[in-house]
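The following exercises are to be worked with the sequence and the coordinates at hand. Each task is followed by a stepwise solution.

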Amino acid sequence: MRFLLALILLVSAPLPALAAQAARLKVTVLSTMMADQGVGEWGYAALVEVDGRKILYDTGARPETVLANARELKIDLSDVEDVVLSHHHGDHTGGFLVLRKALAARNPKALTRVHVAEGFFLAGGQGYRPAIPRFRADLEAAGATFIVHKDPVEIAPGVWLTGPVPRETGEKNYPQGWRLAGGGEDDVPEDMAMVFDTADGVVALSGCGHAGVVNIVRRARSIAGGKPLLALIGGLHTFALNDERLDWTGAELRAAGVRYMLLGHCTGIEATLRLRQATGLTRRTAAYGATGATYELGKGIDARPIAG
Ligand SMILES: [Zn+2]
Ligand SMILES: [Zn+2]
């Protein structure tokens, strides 16, 4: 009898809630420095396709780049309603207004839900943060609504935004010598990555990586309950790091378990090669991708022919 009771208790005990996971994920680069189809620029943008939903992460630097590259790559952006802006530097926000206006004709809701992290609207940064009040007013007049996040947030099952990333390491991967009005030397407190919690591990998508890639990876893994890092995508702002800092960064990424890197933008070519070496990855699993480069869950990276 006692055994039966125990059995009944065991069967009726509530199951631990399973965190939602992303099951299908594809990231396609739409703006970066290198191009073998479309045009390259100092900027970044990527289209995220996750479980039937599309999200634009950053919008490139020049007004027309993402629009032109999407057209050339035969990618339709008119059904994208969510935009995530990694931070307020012009090389990530410059294409937004033109994109919104161009796509609104086909879908009034296109690019209208805009996710940013707290600090995004702070002024300063030696003019590299474009005229912020005007940027906001122009986009709101064009139909966009800004949502400011101060904590990690799950915007779809298994799809997270980091919010502002805690600075735990000594990384200084932000522009040197620029200051916010009345602020410290780190002029990008709002730097925000996207995080995808999958059965195979965590995928992190970074715009410029000003918060420090190791800080970003720590935040991403903690969001996903400590899972290993499956893939790291985007800009890391490591182009100016010396070999010692790059090797430290690579060792940290290796310890986090990284299996794929599709890097671009301000990561730097030499830094990418050095990070590949330090992580023990290969040319098939880690590369500096061109426009149109993809990472796909279950398939890995296609960095485009020019990446080798
Ligand atoms: Zn930046
Ligand atoms: Zn950048």
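**Exercise 1.** How many of the 11 residues of helix α6 (residues 213-223) are buried?

*Solution.* The model is predicted: local features need pLDDT of at least 70, side-chain atom pairs count only at pLDDT 80 or more, and totals for chains, interfaces and linings use all residues. Residues are numbered from 1 along each chain as its sequence is written, while chains are lettered from A and ligands numbered from 1 in the order in which they are written.

Step 1. Helices (H or I, at least four residues) and strands (E, at least two) are DSSP runs, numbered from the N terminus. A residue is buried if 20 or more other C-beta atoms, placed from the backbone, lie within 10 Å of its own.

Step 2. By this criterion nine of the 11 residues of α6 are buried. They are V213, V214, N215, I216, V217, R219, A220, R221 and I223.

Step 3. Contact requires C-beta atoms, placed from the backbone, within 7 Å. The elements against which the buried residues of α6 pack include β9 (194-198), β10 (201-206) and α7 (243-255).

Step 4. Just after α6, G225 takes a positive phi of about 70 degrees.

**Exercise 2.** Identify the residues that touch the most other members of the largest nonpolar core.

*Solution.* Step 1. A nonpolar core is a set of buried Ala, Val, Leu, Ile, Met, Phe, Trp, Tyr and Cys residues joined through C-beta atoms within 7 Å.

Step 2. The largest such core holds 85 residues, of which V195, A204, L205, V217 and L262 touch the most other members. Helix α6 supplies the largest share of this core, six residues.

Step 3. Leaving aside residues up to four places away in sequence, A204 touches A193, V195, I216, V217, A220, L229 and L232.

**Exercise 3.** Trace the pairing of β3 (residues 53-57) with β2 and with β4 (residues 82-84).

*Solution.* Step 1. Two strands pair if DSSP finds at least two bridges between them. β2 and β3 pair in the antiparallel sense over five bridges, and L47 has L56 as its bridge partner in β3.

Step 2. These two strands form a hairpin with two residues between them, and D51 in the turn has a positive phi of about 45 degrees.

Step 3. β3 and β4 pair in the parallel sense over three bridges. L56 has V83 as its bridge partner in β4, and I55 stands opposite D82.

Step 4. The chain crosses from β3 through α2 to β4 in a right-handed β-α-β crossover (with the strands pointing away from the viewer, the path from the first strand over the helix to the second runs clockwise).

Terms used: Buried ≥ 20, exposed ≤ 12 C-beta atoms within 10 Å, placed from the backbone. Contact = placed C-beta atoms within 7 Å.
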